Amino acid sequence: MESQIDRKKFLFLRLFVVAGLLIILARLIYMQVHKGALYDQRAEENMVRSIPIPADRGTILDRKGAILAQNSMHFNVTLLCFELQNPSAVLQKISEKISLSKDEIREILKKVQITPLEPIMVKEAVNYRTFSRLAEIQGDCPGLSMEMKPLRNYPGKLLAGHIIGHIGEISTGELEELEPMGYQIGDTIGKDGLEKQYDRTLRGIKGARRVLVNVEGRMVRTVGEIVPVTGSSLVLTLDRDLQKVSEKALSDAVLAVQRKNGEPSGGAVVVLSATTGEVLSMASFPGYDPNLFARGLTQKEYSLLMEDRSCPLLNRPVHSAYPCASTYKMITGSAALEEGLATAHSGFSCRGSYDVSGSIFNCFVRSGHGSIGFVDAIAHSCDVVFYMLADRMKIEKFLAYSREFGIGSLTGVDLPGENPGLLPSPEWKKRVFHEEWYAGDTINLSIGQGYVGVTPLQIAVVTAAVANGGTIFRPYLVKRIITSGGKLEKEESPSAVRKVPVSQAHLAVIREGMRGAVRYGTATSANSPVVEISGKTGTAENFPTQDNPRGRNHVWFTSFAPYGKPEIVVTVFIEKSGGFGGEWCGPVARKIMEAYFTGKK
C-alpha cells in the first residue's frame with residue numbers, strides 16, 4: 001500500500017518537473033524567437049548612447065546677398081552625464097580653470113539630475129587658450145567633453161538687430177510649448193525677430209554620435225554617426241546699404257533730440273516698396289548688438305539692457321503704438337472726398353479754432369489759416385478743415401474707412417509680437433470707460449489724437465495705399481528660402497490684402513496735397529533736388545506721464561516718391577521730441593530717399 005502511494009508521489013513529482021521544464025522551455029523559445037529582436041535592441045541601448053550633434057543654423061542675407069547672420073565655429077565645454085561618477089568633483093576641477101561661480105555649479109548639478117542622459121552645457125564659446133587648459137585635466141575628469149560647435153555671428157553688429165533678432169538657450173516655458181515639435185533642453189532657439197519667426201526653418205535637423213559605453217558608463221568608442229542637416233537660409237527684402245543710411249539718419253536725429261531735451265528718446269523708420277509691400281529697410285533706435293546674446297550675456301549686461309530707460313530692446317516699428325497725429329488726415333481726407341463732403345476745389349475758412357457743442361478745438365496755427373482750399377488744407381495741415389469734415393461724417397462711416405486702411409489690425413508682417421494698435425469706437429469706449437462716445441471723440445480721431453494708436457509700420461502701409469492707388473499690401477521681409485543644398489524651397493510674392501473703397505481720382509487729390517506739403521507746406525525740410533517727395537507731417541500732443549514727464553510731442557513724417565510714379569514709402573517717427581514732424585523727421589526721410597534714388601542711378 002505504501003509503495004503504491006510512494007510510486008504515485010514519485011510519478012506526480014516527475015510530471016511536475018517535466019511540466020516545469022516544458023514551461024521554462026516554452027518561455028525561452030518565446031523570449032529568444034518571438035521577442036529576441038526586442039531584447040537585442042534593449043541590450044544594445046544599454047551599451048550604446050546617442051550624443052546629439054547640433055545643426056548649423058541657416059544664413060540670413062539681404063536682397064543682394066550680403067550676409068546679415070551666419071555661423072562660425074567655437075569650443076563648447078559640456079558634461080556627458082552618463083560618464084559622470086562624481087559631478088561635484090568634476091565641476092570643481094573645471095571651475096579651477098574657467099572660474100565657475102557657486103550659482104553656476106548649482107544650476108549645472110540641477111540639470112544633471114533632471115536629464116542624466118543628455119549632455120549639459122558648462123560654458124559656451126571658450127577661446128583656444130581655455131580649451132588647452134581644460135584639455136590638460138580631461139583625462140582626470142570622466143564626463144568632461146570639449147567639442148567644436150557653431151556660434152551665431154552677426155557681422156553688422158547693431159545693423160538691423162531688431163529685425164534679425166537674436167538666439168539663446170530654450171527656457172522651461174518655451175520647452176513646454178515646443179517639446180512636441182522635437183525641441184529639447186539645452187537647445188538654442190530664436191528669441192526675437194526673424195530668428196524667432198523662422199526658427200524651425202533656420203535651425204536645421206540635429207545629428208547624433210552613437211558611442212559604445214562599458215558597464216561603468218564610460219565611453220569606449222564611437223560606433224556610428226548621423227550627420228546633421230544645416231538649416232535653410234533666408235534671403236530678405238532688406239537692402240543692407242539702405243538699412244545703414246536709415247539707421248544713421250535716424251540715430252543722428254534722435255541723438256540731437258536727446259541733446260536738446262536732456263532725456264532719453266527713441267525713433268523708428270520704415271521703408272516699403274509702394275507697389276509690393278517689400279520691407280526695404282526698418283530701423284529702431286536705440287538698438288542692441290545680437291552678438292551679445294549669441295555668446296551669452298552676463299547678468300550685468302542683461303540688467304543694463306533691461307533697465308535702460310531708452311528701451312534698446314524695443315522694436316518700435318512693430319511693437320509700439322502711438323497717436324499718429326495729422327498723418328491720419330490721409331484717411332480723414334479720403335473718407336470725406338469719397339462721401340461727397342468735399343472736392344479738390346472746396347474752400348474753407350479757418351479762424352484758428354472750431355466749436356463743437358460748446359467745446360473749443362484749436363488749430364495748430366492758433367491765428368488760423370484764413371480762406372483755404374482742400375488741397376492746401378493737407379499741405380498746411382489745417383486742423384479746422386478736418387474737424388469740419390469729421391463733424392459732418394457719421395462715426396460708423398469714418399470707422400469703416402479707417403478699418404479698410406488697416407487701423408486697429410495687424411499688417412501681417414513676418415515678425416513676432418506685432419502690435420495691432422487701437423481704433424477706438426463707441427462700443428470700445430463704452431466697454432472700457434463706461435462712457436458715451438461724443439462728437440469731440442470723432443474730432444480728435446480726425447487728426448490722429450485721442451485714443452487711437454498706430455505703429456509706424458501701419459502708417460507706412462496706409463501711405464503705400466495712398467501712393468499706389470488704393471491697394472493694401474501685406475508687408476514682408478523674407479523674399480526667398482534656400483535649402484542648405486542650394487535649392488529654392490519657397491519664394492514669397494507680393495500679397496494684396498484688399499483695395500480701399502476710395503476712387504483713384506480722390507486718392508490723387510490726397511497725393512497732390514502731400515506734394516504741396518513738401519513744396520510749400522509743413523514739410524519743406526524734406527524737399528529734395530534729387531527726387532520729387534510727397535508727404536504728410538504729424539505732431540502728436542501728449543499729456544505728462546511717468547515715461548514722458550514733460551508731455552513732449554511725438555513727431556511723424558510719412559512720405560512717398562517719386563510724385564508722378566511712386567516707388568517707395570518712407571515713414572519716420574521720433575518720440576518725445578517736443579518739436580514738429582517737419583522739423584525732426586522730414587530731413588531723415590529726405591536723406592533716405594536721396595540715398596535710394598541716387599543708388600538706383
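I began with the second largest pocket, where S21 gives the most to the lining, with four residues. For the record, this is a predicted model, in which local features need pLDDT of at least 70 and side-chain atom pairs count only at pLDDT 80 or more, while totals for chains, interfaces and linings use all residues. Residues are numbered from 1 along each chain as its sequence is written, and side-chain values use heavy atoms, with hydrogens and water left out.

**Entry 1, the pocket.** I noted a volume of about 1,300 Å³ for the second largest pocket. Its lining holds 45 residues, and Pro 323, Gln 449, Glu 541, Asn 542 and His 554 are the closest to the centre. Sorted by class, the lining has 14 nonpolar, 21 polar and ten charged residues.

My terms here: on a 1 Å grid over the protein atoms alone, a pocket is an open set of points with protein on both sides within 12 Å along at least five of seven lines, a cavity is a set where a 1.4 Å probe fits but cannot get out, and lining residues have an atom within 4 Å of a point. Points are joined across faces, edges and corners, and a volume is the space filled by probe spheres set on them. Helices (H or I, at least four residues) and strands (E, at least two) are DSSP runs, numbered from the N terminus. Ala, Val, Leu, Ile, Met, Phe, Trp, Tyr, Cys and Pro count as nonpolar, Asp, Glu, Lys and Arg as charged, and the others, Gly among them, as polar.

The largest cavity holds about 40 Å³ of space. Its lining consists of Leu 272, Ser 273, Ala 274, Gly 277, Val 461, Ala 464, Phe 473 and Pro 475. Strand S11 (267–273) and helix H20 (456–468) each supply at least two of the lining residues. By class I found six nonpolar, two polar and no charged residues.

I followed Leu 272, which lies in S11. Leu 272 is buried, at 1% relative accessible area; buried means under 20%, exposed over 50%, and partly exposed in between (1.4 Å probe, protein chains only). Leu 272 and Pro 475 are 203 residues apart along the chain, yet their C-alpha atoms are separated by 7.6 Å. Contact means heavy atoms within 4.5 Å, and the residues that Leu 272 touches, leaving out those up to four places away in sequence, include Val 461, Pro 475 and Ile 568.

Is Arg 316 buried or exposed? Arg 316 is buried, with a relative accessible area of 1%, and sits in helix H13 (residues 316–319). Beyond four places in sequence, Arg 316 touches, among others, Phe 285, Pro 286, Cys 311, Tyr 322 and Glu 575.

The peptide bond from Phe 285 to Pro 286 is cis, with omega near 0 degrees. I placed Pro 286 in the loop between strand S12 (279–285) and helix H11 (291–295). Ala 561 and Pro 562 are also joined by a cis peptide bond, with omega about -10 degrees. Pro 562 is in the loop between strand S22 (554–561) and strand S23 (568–574).

Lys 157, not a glycine, has a positive phi of about 55 degrees, and counts as exposed at 51% relative accessibility. Ser 381, not a glycine either, has a positive phi of about 55 degrees, but Ser 381 is buried at 4%.

In H5 (residues 128–137) I listed Thr 130, Phe 131, Leu 134 and Ile 137 as buried. They cover an arc of only 120 degrees around the axis, so they lie on the same side of H5; the arc is that of the directions from the helix axis to the C-beta atoms. The face turned away from this side carries exposed Tyr 128, Arg 129 and Glu 136.

A nonpolar core is a set of buried Ala, Val, Leu, Ile, Met, Phe, Trp, Tyr and Cys residues joined through side-chain atoms within 4.5 Å. The largest has 88 residues, and Tyr 328 and Phe 374 have the most contacts inside it. H20 provides the largest share of this core, nine residues. Another core, of 31 residues, lies apart from it, with Val 257, Val 518, Ala 523 and Trp 584 among its members.
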